[in-house]
Amino acid sequence: MRDVPNRYRGLPSRTPEMLYNVVRKFYRGAVSHYDLIQEKKREAYACWEQMQASGDDRPLRAALTTLFLEFHFYVTCWLQIELALYRLARQDERLALVMEKFRAELERHVAVRGQLEQTEACVAAQFAAVGSGWSCPGVEQDAYAFDGFTFTVDESSLAELHALFAAIEEQRQLSASEKA
């Protein structure tokens with residue numbers, strides 16, 4: 001898997017059709033993973049409630065590790081879409097405009113992907129010392145801390161993914177109709 005800072009180096013050449021297939025494949029992968037992530041968030045919340053009662057943070061740390069591994073898969077799908085779109089955008093100005101329009105969302109998801117390479121550090125960053133115990137506000141608020149910003153996989157993230165895919169597909173269809 002490509003490291004995030006050097007992700008554009010040495011990309012193999014691909015036909016536009018192959019790149020569109022990559023976009024479709026990873027779009028479907030991210031969408032199909034959404035429900036599992038929501039389940040893992042509910043499990044983490046249950047462990048957070050348990051920690052409030054018992055003071056034992058180990059089950060929550062384990063649940064967050066699992067949740068962040070699921071986040072990793074989801075944002076890896078975003079990364080693969082971004083890499084394919086980058087190559088498509090170099091071939092088609094309209095796709096460059098799509099990439100520019102969705103740049104903030106792409107960069108946010110890719111930034112989280114880079115940080116999740118260090119899953120344990122991401123889990124540890126969620127905990128804050130409170131009195132003689134721990135707090136984990138990200139679980140309670142469904143807004144996890146990642147190097148200066150918060151992130152979660154929610155309806156908003158999924159809507160951004162749907163909009164990105166629709167914009168790419170629209171340009172693919174326009175290109176295909178022009179060639180016909």
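Reader: Where does aspartate 147 lie?

Author: Aspartate 147 lies in the loop between β3 and β4 (149-151). Bear in mind that this is a predicted model.

Reader: What makes aspartate 147 exposed?

Author: Its relative accessible area is 67%. The cut-off for exposed is over 50%. Aspartate 147 is therefore exposed.

Reader: What is phi of aspartate 147 near?

Author: Phi of aspartate 147 is near 45°, a positive value in a residue other than glycine. Most residues other than glycine have a negative phi. Phi of aspartate 142 is positive too, near 55°. Aspartate 142 sits in the loop between α6 (137-141) and β3 (144-146).

Reader: Why is aspartate 142 called partly exposed?

Author: Aspartate 142 has a relative accessible area of 26%. Buried needs under 20%, and exposed needs over 50%. The value of 26% falls in between, so aspartate 142 is partly exposed.

Reader: How many helices and strands does the chain have?

Author: The chain has seven helices and four strands. From the N terminus, the order is α-α-α-α-α-β-β-α-β-β-α. The C-alpha atoms fill a box of roughly 65 × 30 × 20 Å along the principal axes. Of the 180 residues in the chain, 44% are buried.

Reader: Take two helices, then. Why are α1 and α7 called roughly antiparallel?

Author: The axes of α1 (residues 16-54) and α7 (residues 155-179) cross at roughly 160°. Angles over 145 degrees count as roughly antiparallel. The crossing passes that cut-off, so α1 and α7 are roughly antiparallel to each other. Their axes come within 11 Å. The crossing is left-handed.

Reader: Which residues of α1 and α7 meet?

Author: From α1, the residues are Tyr20, Val23, Arg24, Tyr27, Ala30, Val31 and Tyr34. From α7, they are Glu155, Leu158, Leu161, His162, Phe165, Ile168, Glu169, Gln171 and Arg172. The residues of this contact divide into 10 nonpolar, two polar and four charged.

Reader: How do you know that the buried residues of α3 line one face of the helix?

Author: The buried residues of α3 are Leu95, Val98 and Met99. Down the axis of α3, they fall within an arc of 100°, so they line one face of the helix. On the other side, Glu93, Leu97 and Lys101 are exposed. The buried residues of α3 pack against α1, α2, α4 (103-115) and α7.

Reader: Why does glutamine 171 count as buried?

Author: Its relative accessibility is 10%. Buried means under 20%, so glutamine 171 counts as buried. Glutamine 171 lies in α7. Leaving out residues up to four places away in sequence, glutamine 171 touches Tyr20, Arg94, Leu95 and Val98.

Reader: What makes serine 157 buried?

Author: The reasoning uses the same cut-off, under 20%. Serine 157 has 1% relative accessibility and therefore counts as buried. Serine 157 is also placed in α7. Beyond residues up to four places away in sequence, serine 157 touches Tyr74, Trp78, His109 and Thr152.

Reader: And leucine 60: how do you know that it is buried?

Author: Leucine 60 has a relative accessible area of 0%. That is under 20%, so leucine 60 is buried. Its place is in α2.

Reader: How many residues apart in sequence are leucine 60 and valine 139?

Author: They are 79 residues apart in sequence, and 9.3 Å apart in space, C-alpha to C-alpha. Leucine 60 touches Val139, and among its other contacts are Ala44, Trp48 and Phe127. Across the chain, among contacts between residues at least 6 apart in sequence, 80% join residues at least 24 apart.

Technical notes:
Residues numbered from 1 in each chain as written. Predicted model: local features only at pLDDT ≥ 70, side-chain atom pairs only at ≥ 80, totals over all residues. Heavy atoms only, no water. Axes fitted to C-alpha atoms, helices over the stretch in contact; angles between N-to-C directions. Parallel < 35°, antiparallel > 145°, perpendicular 65-115°, else oblique. Left-handed = near helix turned anticlockwise from the far one by under 90°. Contact = heavy atoms within 4.5 Å. Nonpolar A, V, L, I, M, F, W, Y, C, P; charged D, E, K, R; others polar. Buried < 20%, exposed > 50% of the residue type's maximum accessible area, 1.4 Å probe, protein only. Arc of directions from axis to C-beta.
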